[in-house]
Amino acid sequence: MAELARPGKIIAIHLNYVSRSDQRGRRPAAPSYFFKPASSLAGTDGVVERPAGTELLAFEGEIALVMGTAARRVAADEAWSHVASVTASNDLGLYDLRANDKGSNVRSKGGDGYTPVGPDLIDASTVDPAALRVRTWVNGELAQDDTTSGLLFPLPQLIADLSQHFTLEPGDIILTGTPAGSSVIVPGDVVEVEVDAPDAPGAPSSGRLRTTVTQGEIEFDPALGSMPAVDDLQRAEAWGSRELAGLPPVEQQAPGLSPELRTKLEAAPTAGLSSQLRKRGLHSCFIDGLSANLPGAKIVGTAKTLRFVPAREDLFKSHGGGYNAQKRAFDSVGEGEIIVIEARGDETTGTLGDILALRARTRGAAGVVSDGGVRDFDAVAEIGLPVFSKGAHPSVLGRKHVPWEFDVTIGCGGATVQPGDVIVGDGDGVIVIPAHLAEEVADAALAQEDEDAWIAEQVAAGHPVDGLFPMNAEWRARYDARPGARGRGALSERSETK
């Protein structure tokens, strides 16, 4: 390996490849960065330890730039001249610590050996920064293969941008992002990264940067700081997809309800919707034992789930403080979503208060459903956020439960709820509708409402209910012959035969 001086700074970018951004489902409008400690630097044929008690160590093959001359407020068209060398790097990260780092990546990417670089240096003046290639192999199988033509932000732009804020000094290293294909590695795996310029004279290459994963034996101390924690979101992002992480697909993770479907569901009572679900073989759709904080409240939206686990002192130390799962769920709820909370049906718990209710309301949440209690009950009602819960309770977080994870399948009030399920609540209670059935069930429920209204008219006119409710063949014929029978009545017949 060519000799590298210890850098004063290691700077890495969060997202920079189109392929990776598309995989993550988000494209940043501008580059964002984080620092890695110089003590994380390692060479080729090294080892990296996966700490005891963790599961999500992931590799990220990247192109590393080594600065040759100081750069301060340089223009993009002259930025490349300040780069001395190009080489391979592996921006290793531990997703078990990612959430609590909140984007700083201090612990999740700062561990000893988490920045292998090398082995050989390519003279930057001999290559085109827009024509570099990075490839990664895991146990000999190609996992990543992309070029700098697929960058969101070209390499010279990164240098120019960073130089606006501080001086890039000789020896500083810039990690320029990883393409799609990054995933989890386990003890015994061997990762190799190579950067080359296949179209440049001589096709210069960094050679293969090799790192072997080993298993650590020392666990983190919960008395000192945040402990490792993972949820399905971190697993999916670490592995690259829910499928690779071994998680079931969440078919209902749609961006939301269409305005037309939302209007139908707002018009349909939960009693009618649940009846239509029962006709389709779904009997466990009720979130039981809840009442609304606002009289006459009706909520319609898609579920964003939050799970609490029973209180345990050591787990609350690691998961209860800081930017915990409860805060992250309320911070990320989308417009028209309903936060559904699993609190194990314990009404002696406070699963949210006025501050979180205000945050949900500000972000456009359609409401909250919790099978626990609510703190600041009157204040939450004054905010105007509809909440279906077990009622008021003054307890603080940590008395009965620990905020554990969000955007996962949960159990709330005896019903299974998945992210993206359709939630409807009114004076009769709260029900869960699988998203793929929502339109069909809403249409059928509205058709049934029309039918029930017509039956009520006949009963009011003095007809007995026998044979009318439900309708026998004679009454059905009368119903079908009424004026406007090709409206929702016809729809009802179609719905029943689906």
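Trainee: Is strand β21 mostly covered or exposed, and how many of its residues are buried?

Mentor: This is a predicted model, and the answers should be read accordingly. Strand β21, which runs over residues 401–406, is mostly covered, with five of its six residues buried. For the protein chain of 498 residues, the buried share is 53%.

Trainee: With which strand does β21 pair, and in which sense?

Mentor: Strands of a sheet pair through backbone hydrogen bonds, in either a parallel or an antiparallel manner. Here β21 pairs with strand β17 (residues 299–310) in the antiparallel sense, over five bridges.

Trainee: In what order do the strands of the seven-stranded sheet stand?

Mentor: The order is β2-β1-β12-β6-β7-β9-β3, in an open sheet with mixed pairing. Strands β2 (33–36) and β3 (41–42) stand at its edges; each has a single partner strand, so one side of each lacks a neighbour in the sheet.

Trainee: How many bridges link β7 and β9 within that order?

Mentor: Four bridges link strand β7 (residues 83–90) to strand β9 (residues 115–123), and the pairing is antiparallel. Ser85 stands opposite Asp123 of β9.

Trainee: Which residues are joined by cis peptide bonds?

Mentor: As a general rule, most peptide bonds are trans. In this model a cis bond joins Gly118 and Pro119, with omega about 0 degrees. Pro119 belongs to strand β9. The peptide bond from Phe469 to Pro470 is also cis, with omega near 0 degrees. Pro470 is located in the loop between α12 and α13 (473–481).

Trainee: Where does α12 pack with α6, and at what angle?

Mentor: Two packed helices are described by the angle between their axes and by the distance between those axes. Helix α6 (residues 259–267) and helix α12 (residues 438–460) pack at about 45 degrees, their axes 9 Å apart. That angle makes α6 oblique to α12. The crossing of α6 past α12 is left-handed.

Trainee: Which residues meet in this packing, and of what class are they?

Mentor: From α6 come Leu261, Lys264, Leu265 and Ala267; they meet Ala438, Glu439, Ala442, Asp443 and Leu446 of α12. By class, the contact between α6 and α12 comprises six nonpolar and three charged residues, with no polar ones.

Trainee: What is the phi of Ala203 and of Arg344?

Mentor: Most residues other than glycine have a negative phi. Ala203, although not a glycine, has a positive phi of about 45 degrees. Ala203 lies in the loop between β13 (190–196) and β14 (209–215). Arg344 likewise has a positive phi, near 65 degrees. Arg344 is in the loop between β18 (337–342) and α10 (354–362).

Trainee: How many helices and strands does the protein chain have, and what does its C-alpha trace span?

Mentor: The protein chain has 14 helices and 25 strands. Its C-alpha trace spans about 100 × 50 × 45 Å along the principal axes. Among the chain's contacts with a separation of 6 or more, 77% are between residues 24 or more positions apart.

Definitions and conventions. Residues numbered from 1 in each chain as written. Predicted model: local features only at pLDDT ≥ 70, side-chain atom pairs only at ≥ 80, totals over all residues. Heavy atoms only, no water. Axes fitted to C-alpha atoms, helices over the stretch in contact; angles between N-to-C directions. Helix = DSSP H or I, 4+ residues; strand = E, 2+ residues; numbered from the N terminus. Parallel < 35°, antiparallel > 145°, perpendicular 65-115°, else oblique. Left-handed = near helix turned anticlockwise from the far one by under 90°. Contact = heavy atoms within 4.5 Å. Nonpolar A, V, L, I, M, F, W, Y, C, P; charged D, E, K, R; others polar. Buried < 20%, exposed > 50% of the residue type's maximum accessible area, 1.4 Å probe, protein only. Pairing = 2+ DSSP bridges.
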